[in-house]
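Please open the model in a viewer and keep the selection panel at hand. The stops below run from a single side chain to the whole assembly.

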There are 2 protein chains.
Amino acid sequence: MGSTLLITGQEVRQAARANTHTGPTAGLAPGYIQANLIVLPSKYAADFRSLCQRNPVPCPLLAESTKPGSWDAMKSCIPNITSTALIHPGNDLDLRRDIPRYLVYRDGEIDGSARHTDLLATWRDDDHVAFLIGCSFSFEAALCDAGLAPGHIVGGRNVPMYRTTIPLNPAGVFTGGTYVVSMRLYKKHDVERVRAITAPYAFTHGEPVAWGWESVEELGLADIMKPEWGDRPLWPDGKELGPQDGGAGRSTDVVPVFWGCGVTPQEAVVRARLQGTVMAHAPGHMLVLDCLDEVLKVE
Amino acid sequence: MGSTLLITGQEVRQAARANTHTGPTAGLAPGYIQANLIVLPSKYAADFRSLCQRNPVPCPLLAESTKPGSWDAMKSCIPNITSTALIHPGNDLDLRRDIPRYLVYRDGEIDGSARHTDLLATWRDDDHVAFLIGCSFSFEAALCDAGLAPGHIVGGRNVPMYRTTIPLNPAGVFTGGTYVVSMRLYKKHDVERVRAITAPYAFTHGEPVAWGWESVEELGLADIMKPEWGDRPLWPDGKELGPQDGGAGRSTDVVPVFWGCGVTPQEAVVRARLQGTVMAHAPGHMLVLDCLDEVLKVE
């Protein structure tokens, strides 16, 4: 099945389940919500829920397992959004198989021994609890519609993501975490429009957390040309930055704009060095839901 | 009327309204929720609501005006808590008079020309929107009950509060804000119990945001002996710190523990330099509700 035919959330999940699609989900099922997945031993579930509630900008909680071990149903954590709005009653869900590629951590260390296209061997039916976290794909569509397509989309790359020194509000076992941010370069005079367009997407990070060249230092970033995840940044027109553009030769007309990023909770889980088996989607390989992005917009 | 007779929220509000009590509310109506007040021109209300939603730890939103200009009714913003649980139907409320002392800001500058014991001259019935924010008095009672009374309570002082360099997630006009934190010193081996006891009070700041001497630098504090608000810190037994105790001569058995503080939203409002008239309670002079602290505990 060609990935161009995957136009609904259900179709992407079915293709991932059949392993006919094992690549990234960017561009698939346009308009459908794509979500980050975290799966934890049940003893950490309450602390993780609290971590999300205390840090809703980088960790917007969309849904969680209906009960420990359950992989075929999620309950909505979003006010006024029903669980059946996320996964339609006529469709089905298998969190262990419906994502193209997964990561597995054991006692805080990543298991690099295999490429995980399902979680059948590691999921514990008596214990594992899944959480879905919002993803910035939702507001990127809104930016494109407004003629403010991010440079990485114009240039056909992944968004650059950075580890910052801004602390998360700790919650139980989850201490020592910091914000991960995604970055898009914009013309200075477009920043207020960019803020206003993304603000209503509260469940997919909402408006930026920082902007302007001074925020590079404030966030504790060493070099915007060296993101920890994703690809190097591009100018708003999709062109490459020169070696000096992120440093001494900075543009004053174009500035970096930073948003909370869904990698944050995965990082927080890794830093907490949890005992037992933790699972997540592989970056860029998301769970696609049955709900359209516009539904999560808060007016 | 002696303040020792003010044993319910309604009694404190009535005494403030009659100006028979114009002092701080600490220790009055024990067990009743005391709240921070912010009153804004309606055009800033949506951005302020968003600021609270994006920063629930320092800015936990309890309630807001039922409509612009309304001063006699509030609607609850807390899931599963009704508006009538906050102010009982048999009691009444006048936000313009029921707090012992207020602060008034005009175009971002504090009006120090008068002592404001009511807001009758400044409140606009067609425009002002009030917000109530949680206060850490609620979890202090729980700490005392567990034999972990904070040093400032043992020593009969106000809690020390500090301006940090940790950025708030910006929201609309509210940019450039930072966390304000309150601080209590605890024995190192008590910190995990202190975290666990305060964690359920999610609507009154919840568990600490940082602890340990290394957090003094991480929060960007110059000197814990010089708080921006409140009184100098005291040891857990209520004794004075020496001149070196917060610096080179630091104890290793006792460490500072920091919580989000309800002064944060007032600071954010001041920093935003809003045009028009903004009003708030005077620090320590809170609005006392009809609801008991325990009701806001999240299990």
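Begin by selecting B:Arg184 and B:Trp259: the charged end of the arginine sits over the ring of B:Trp259, 4.9 Å from its centre. A charge counts as over a ring if NZ of Lys or CZ of Arg is within 6 Å of the ring centre and within 35 degrees of the ring normal. In chain A, select A:Arg184, which lies over the face of A:Trp259 at 4.9 Å from the ring centre.

This is a predicted model, in which local features need pLDDT of at least 70 and side-chain atom pairs pLDDT 80 or more, whereas totals for chains, interfaces and linings use all residues. Residues are numbered from 1 along each chain as its sequence is written, chains are lettered from A in the order in which they are written, and side-chain values use heavy atoms, without hydrogens and water.

Next, select A:Phe48, A:Phe131 and A:Phe174, which ring pairs link into a cluster; rings of Phe, Tyr and Trp (its six-membered ring) pair if their centres lie within 6.5 Å.

Now display the contact (heavy atoms within 4.5 Å): 19 residues come from chain A and 19 residues from chain B. Because 100% of the interface residues of chain A are also interface residues in chain B, the copies meet through the same surface.

Finally, superpose the chains by least squares on the C-alpha atoms of residues with pLDDT of at least 70 in both. Chain A can be laid on chain B with an RMSD of 0.0 Å by a turn of 180° and a shift of 0.0 Å along the axis. The two copies are thus related as by a two-fold rotation axis.

Methods
Phe/Tyr/Trp six-rings, centres within 6.5 Å; stacked < 30°, edge-to-face > 60°.
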